[in-house]
Amino acid sequence: MGHTKSAVEKHLPLPLATFHILMCLAGAERHGYAIIQDVAERTGGDLQLSAGTLYRSIHRMLEQGLIVEARRRPASIRDDERRRYYRITAFGSDVAHAEAARLQRLVQLARSSGFAQGRA
Amino acid sequence: MWLYRLFLYLYPAGFRAEYGEEMTAVFAEKRRRARNIFQVTAVWMEAVYDIIRHAVPLHLDALRQDLRYTLRSLHRAPGFAATVILVSALGIGANTAVFTATDRVFLRPLPFAEPNRLVRIWESPPGYSRMEVSPPNYHDWLTMATSFDGMAAYARSSANLVGQGDPVRIQGAEVSPVLLSMLGVQPLLGRLFSPDIDVESAARTVILAYSLWQRDFGADPNALGRTVTLDDQSYVVVGVMPREFLFPDRNSDYWTTLQISPGNAQDRNNNYLEVLARLKPRVSLAMAQREMRQVMTHLEAAHPVENERNSASVNRLGDEIPRQTRLLLVALMGASLAVLLIACTNIANLLLARGMARRREMAVRSSLGAGRERLVRQLFTESLTLAAVGGAVGVVLAHAALPLLSRLVPPSLPIAPATSVDLRVLLFALVVTGLTGMGFGALPAVRVGREAAAAGLRESSRGGGLRTQRLRATLVVIEVAASVVLLIASGLLIRALMEVRSTDPGFQPQGVLTARTWLSWPRYATTDARSDFYRRVLTEVRALPGVQSAAYTSFLPLVMGGGIWPVEMDTRTGTRAQNETASLRFVTPAYFDAMGIPMLRGRDVSDADAADRPFIAVVSQSFVERYFPNQDPVGRTFRFAYFERIIVGMVDDVHVRGLERESEPQVYLSHQQVPDDGLVFYAPKDLAIRTAGDPLSLAPQIRDIVRRADPAQPVSNLRLLGDIVAQDTASRNVQLRVLGTFAGLAFFLAAVGIHGLLSFTATQRAREIGVRMALGANKSGIAAMFLREGIVLGLVGVAIGTVLGYGAGNAMGALLFGIGPLDPVTFGGAIALSLVMTVVGSLPPALRAANVDAQSVMREA
């Protein structure tokens, strides 16, 4: 992947909402409301993104190049004209990987301090 | 849903356009799933909170972007940025500076409790709208008037303070014991006067002003309880007032309780008390005024001679601002606004020109998806950024101008002069800055925004677009007109100052040194004691090398304008009718000689005019014209200040009240012809010394001489008579300097405006000029064409400005001292200057246009 390490690391640590949105877009292109629902499901209802949080995150992520608006929409009967679909970019995927690695290192450190279960 | 959409307007337009629909859809979805009223409420609350929570950071994001962009684009045009910042700094600085003065005088409440209920009450006998009050009338008011919660009298006083270092003369007031508590100010140390404690039988007490406490008591907290000597009387210090307490005026050093002698308590012709009262809560000024007139009607009936046609006037304390001060400040506000207007139009013009040059940039941004609102927002960010920097520089300028501007607050008001730019002024500057930024940014932003939206990427047409050109021309006309108004206004003031300066004061100030030795009571209560002091001082002073003559008088002219007494002729003994008054001065022999006042008839006061001789008077020419027209006054008699006086001489008139003011006729009496302990206030105290050499070099010797005559006697106000005359026009000088600065700024800015417009037009029309030249037009023809354009704009501006200037001159009438508002010299000068400015501003761009290289321009085309 052609993205320099520093360009990726500039975005770390990721805001929580941003990371969740990236995870949710990893599997498929989705529109706004679907993202809210998906995040809520994955977290067992712990994280309910508000419309403002979602779209402000999307706005910033578009600018940062983490996601793009999908040109082609999935063929679906229930598709609504207004709805916009978003797709993760290669760069966004790099950043998400880097964030996951960062969190992993953090958890390992926590284990060695006895703050978390498992082997250090 | 419409309500939700309305809330979305809190977001920046771009964000709303991009995501508004979807957010509405999300909201609709959530709303649909809510099953009962509680859930609906929860959804709504969450949605509103959500919008508000994100709106601020989104706006900040946009602002950050705009600022970054602004800094980049200004960095590319440093000359433009510097010009705009300088011009807006001048406009904002001028307004902020004037505001420091107007705020103090007009807006800020006086530093007393509920200042709106405080009123001054004056007698108003025929010919005077406000006259001090006589003690018996004041006492009758106290018992008769019902409109007031409290009423108090005071009289300005001064005293020799002895025992705190060198003897000094200090100023203050004798006040009714209730006065200080009526003003509602707490003492810094100690207590206020109390009607129960500070009665006449008790030990005399004094309260110190903060300034005196700092200066002569070293800010010693143990000053309380100390005994000080004021005019040979012992007083116990019972209090110190806070720094901001200035009453009745800025120069007050101390307060003692008012003592009214039994003689004064009966005399309704001795008007020397000033009266302050506090209106009852539900009593209006008009009601109090009505009641006081009724009271005076009763008092006229009871004392028909002394109170003949006498009335009373009630004024709010805060409104007692001298008319000239008021007028001047209004004029300065107008002038500073005009400067700001010119600055704004100038910058708007610069921005329009720049906007034209930036059309492509805007078009590119527009085609890249920036909405019109986004572009306008960007332009406003630019102009507000420039205005903000300009405003900061402007506040610094205003701060630098404070020493000059604080002199616009007259010391006769109980108001401290501005010493720093405070929060109120900063707030004002902030508002002005905001308005300025919007003001000069609005036109260009709207215009550029519209054009960008319409033009898209289409190649922009050359030339500015006819409408923009016309708009810019209008702005230049406004600038010229405003600068003409300011030129006329300051021109009128210059002419008035010249006129005042050329007024003959009636005496010869050159080579005269003056000093004040205010003798203290009761030590100098007897006329003999005073005469002895004068003789010892004057004999030694006259013996000094170079001294030609020296004399004492009650008050030098221009220093004290009052001391006005009714003149009673033989036929109408005891009545006080309109304008039958004259100023009273006691003098020692040779006073007219020392002052250079021409003796026109008869003789001077002499040492032989003692208390046991007939009481004589020397009168001024206007006195004779009024009371003994076409007669030889010598030998005539009149009653004045309790006694019959016989005229022995006539002198030329003197401007007692000031160079600009009508003065009452003057009466000079022999310093010996006054009963012991009578007319204390008028005891001679001002020394005038005419010398051939350098007058100021005599100062140390004068101090020595007075010390030898009386070691406890302070010498104050050692200064040249010429400086006293100059002081009389000092406030005019300040006015002129401030207004003149504004006019200069306006003039300069208007010239820049014309120059800028024509330069830009020349660049825009380079191709047209090339064509004209190719078709045979010569250079001088092209130059003339541009010059003509500039001159036409200038003429239109001058025409409008002249009409407005006439209006401004009319409004300033009271400041003009006899110069008509249509003064031809001023108008001619202002018009000529403006035309010169127009030509000078137009010439460089005209010449540049004429030197366009036709060949190369055509090749480019």
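What follows is a working chat about the predicted model shown above.

Student: What should I know about numbering and confidence first?
Tutor: Residues count from 1 along each chain as its sequence is written, and chains are lettered from A in the order in which they are written. This is a predicted model, where local features need pLDDT of at least 70, side-chain atom pairs count only at pLDDT 80 or more, and totals for chains, interfaces and linings use all residues.

Student: OK. How is chain B divided?
Tutor: Into domain 1 (2-74), domain 2 (125-310), domain 3 (323-502 + 730-860) and domain 4 (519-713). Those bounds come from an automatic or database domain assignment.

Student: How far apart are the C-alpha centres of domains 2 and 3 of chain B?
Tutor: They lie 52 Å apart. Seven residues of domain 2 of chain B are in contact with six residues of domain 3 of chain B. Contact means C-beta atoms, placed from the backbone, within 7 Å.

Student: How many residues does the largest nonpolar core have?
Tutor: It has 156 residues. Among those with the most contacts inside it are L208(B), V339(B) and F742(B). A nonpolar core is a set of buried Ala, Val, Leu, Ile, Met, Phe, Trp, Tyr and Cys residues joined through C-beta atoms within 7 Å. Buried means 20 or more other C-beta atoms within 10 Å of the residue's own; exposed means 12 or fewer; partly exposed is in between, with C-beta atoms placed from the backbone.

Student: Which helix gives the most to that core?
Tutor: Helix α10 (residues 323-357) of chain B, with 17 residues. Helices (H or I, at least four residues) and strands (E, at least two) are DSSP runs, numbered from the N terminus. Domain 2 and domain 3 of chain B each supply at least three residues to this core.

Student: And what does A489(B) touch?
Tutor: Beyond its neighbours within four places in sequence, its contacts include A331(B), A335(B), L739(B) and M812(B).

Student: Switching to strands. Why is β14(B) called largely enclosed?
Tutor: Six of the seven residues of β14 (residues 581-587) of chain B are buried, so the rest of the structure largely encloses it.

Student: How do its neighbours run?
Tutor: β13 (residues 564-568) of chain B is antiparallel to β14(B), with three bridges. β19 (residues 666-670) of chain B runs parallel to β14(B), with five bridges. F586(B) has L669(B) as its bridge partner in β19(B). Strands pair if DSSP finds at least two bridges between them.

Student: What about the sheet in chain A?
Tutor: It is an open sheet of three strands, ordered β1-β3-β2, with antiparallel pairing. β1 (30-31) and β2 (67-69) of chain A are at the edges with a single partner strand each, so one side of each has no neighbour in the sheet.

Student: Last one: how many residues does each chain put into the contact?
Tutor: Chain A puts in twelve residues and chain B 16 residues. On the side of chain A that touches chain B, α4(A) gives the most, with six residues.

How values were computed: Contact = placed C-beta atoms within 7 Å.
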